[in-house]
Structures are given as structure tokens and as C-alpha cells.
Amino acid sequence: MTFATDVEKSFTLLQSACGVPIKYSRGDRNISLVAVPSEADFMQSTGDGYIETIESRDFMFPASELNLGGEMVLPERGDTITETVNGVEHTYPVTNPGGSRYYKYSDSFRKILRVHTKWTK
Amino acid sequence: MPDSSLVKLTDACFSHLQSQSLSMSFTTAKSYLPDFEREELSGVEVSIFPQGQQSSVSARDSEQYIYTLNIVIRMPITPSADPDLDASLYFIEQLKDSLRLTSLAGCAYQGIQNDPAYDLEALAERNELISILTATYLEIR
């Protein structure tokens, strides 16, 4: 067993211990996954004459599980993650904070994806 | 206590915009602290707040006052790889045109700036269109 597979197996334990069910959607395609959410963070943006805050949240799951329409894909603009909290659906569009990418890998072997989202209702 | 000219102008702008019937339905608010929460935004919101004033002598016995108001337009945009803003930008143009050449609270319309047309960062990161109209009015007294 390589260290890379160890990482993936260890993450499976984390998923079963503190994962939440989510629906990952792109257009009319979607897939149900179990993701490990980060704590909610609030970010402030200031424009010319206004201030705005938004809840930011990341979701982690194995890259191999993001399979839409029979092919493995990577997160991109326009995708959404829906989490049901106390019976209420919260939809988080996938976003790129600070002009960065929409996701990053949480390990050196590109096994675990960390997807950046913001809650927009 | 009487209101300042800037507040009277802000109130008049608020009432004017509130009475408009445009291509999108919207809510209007007067605000002194434009501090918003993105997750609370579910429709088109227009907020008006006073931005500033300048005065200078225009004649031996009068001054001219230049007042500026900021009109912040916010609307959610459906997450998409390539967002379509055609209808939103048309609405903003309608809103801008509704103020065109209209005197408010005894102040003469001077013009409106809308540059940039929308906040690129808000669109990219928050799936939201934010556009700011800066309207300028003149009063001589």
C-alpha cells in the first residue's frame, strides 16, 4: 500500500465520522456525495461605497468521487453544492476566493479535493 | 429639526425611484450605512445614500452646491460558467434614465456616472451583480 492510498483510506474514516450528505450539481447533472465541511467563515468585501459580508465554506471529498455523467470532472464556475441543514436546503455556488481557483487539493497526491463555496441562498 | 439639503435630496430620490415601474421588480431603501449580507439577497435591491457635497461661490450673493448620491443596485445572478447580464444591464439603464434630467428637491440634475458598469469581483466570487450609479445635482442659493 502506498502513502497515497493511505491518505485516501484515512479520509474515508473522516468522511464516515464527520461527513455530511451533499448534492454536487452542474447544470441538470448532479451526484450525491458525502463531504467533510469546513467551519463557516465570514468574509467582508468593500466596493466603491458599500460593504458586504458573505458566508464562505469549503467542502472536502475524494476527487475520484466527483463523477458527473460517467466521467471524472473537476469543480468549475457555475457548479453548486447543496447541503440540507435542519430540513432546509442551503445552496452554495462554487466560487474562487480572491481570484484563486475554485478548488485545491488537500494532499500532495491530488486525492482529496477542497472545494471553495459561498452561501448565496 | 429640519433636514439638510442632502437628506432632502436623498429622500426625494428614494421616493422617485420607489414610484418607478421598470422591467424588473425591485425594492428601494434609503441607507446611511450600506453594509449588506449577501445571503440575504434574494431579489433586486436598490439602496440610496448620500455621498457628499461641495460648495463654491457662484456670484456675489450666492453659492452653488454640488450634491452627490450613490445608488447601489444589487441582484443575485444564477451560478453559471458564463453569466448572462443582458436583462440586468437593461434594468440599470432604465433606472438611470428615470433620473435623467429630473430635478429633485429643488436641485437640478447634472448627470450620472456608472463606471464600471458592474463590480467584476462580486460577479465572479459572489454570483451577484452590483452596480453603482453616482448621481450629481446642483443647487444655487
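Reader: Which residues are exposed on the other side of helix 2 of chain B?

Author: First a word on conventions: residues are numbered from 1 along each chain as its sequence is written, while chains are lettered from A and ligands numbered from 1 in the order in which they are written. This is a predicted model, in which local features need pLDDT of at least 70 and side-chain atom pairs count only at pLDDT 80 or more, whereas totals for chains, interfaces and linings use all residues. A residue is called buried if 20 or more other C-beta atoms, placed from the backbone, lie within 10 Å of its own, exposed if 12 or fewer do, and partly exposed in between. On that other side of helix 2 of chain B, B:Asp86 and B:Ala87 are exposed.

Reader: Which residues of helix 2 of chain B are buried?

Author: Helices (H or I, at least four residues) and strands (E, at least two) are DSSP runs, numbered from the N terminus. In helix 2 of chain B the buried residues are B:Ser88, B:Phe91, B:Ile92, B:Leu95 and B:Leu99. They lie on the same side of helix 2 of chain B, because they cover an arc of only 100° around the axis, the arc being that of the directions from the helix axis to the C-beta atoms.

Reader: What covers the buried residues of helix 2 of chain B?

Author: Two residues are in contact if their C-beta atoms, placed from the backbone, lie within 7 Å. The cover of these buried residues includes helix 1 (5-18), strand 3 (44-59), strand 4 (62-76), strand 5 (108-113) and strand 6 (128-140) of chain B.

Reader: In the largest nonpolar core, which residues touch the most other members?

Author: A nonpolar core is a set of buried Ala, Val, Leu, Ile, Met, Phe, Trp, Tyr and Cys residues joined through C-beta atoms within 7 Å. The largest one has 28 residues, of which B:Leu9, B:Leu69, B:Ile71 and B:Ile73 touch the most other members. Helix 1, strand 3, strand 4, helix 2 and strand 6 of chain B each supply at least two residues of this core, and strand 4 of chain B gives the largest share, six residues. Leaving aside neighbours within four places in sequence, B:Ile73 is in contact with B:Val46, B:Ile92, B:Leu95 and B:Ser131. A second, separate core of 16 residues includes A:Ala35, A:Phe59, A:Ile81 and A:Ile112.

Reader: How many helices and strands are there in chain A?

Author: Chain A has one helix and 10 strands, and buried residues make up 24% of its 121 residues.
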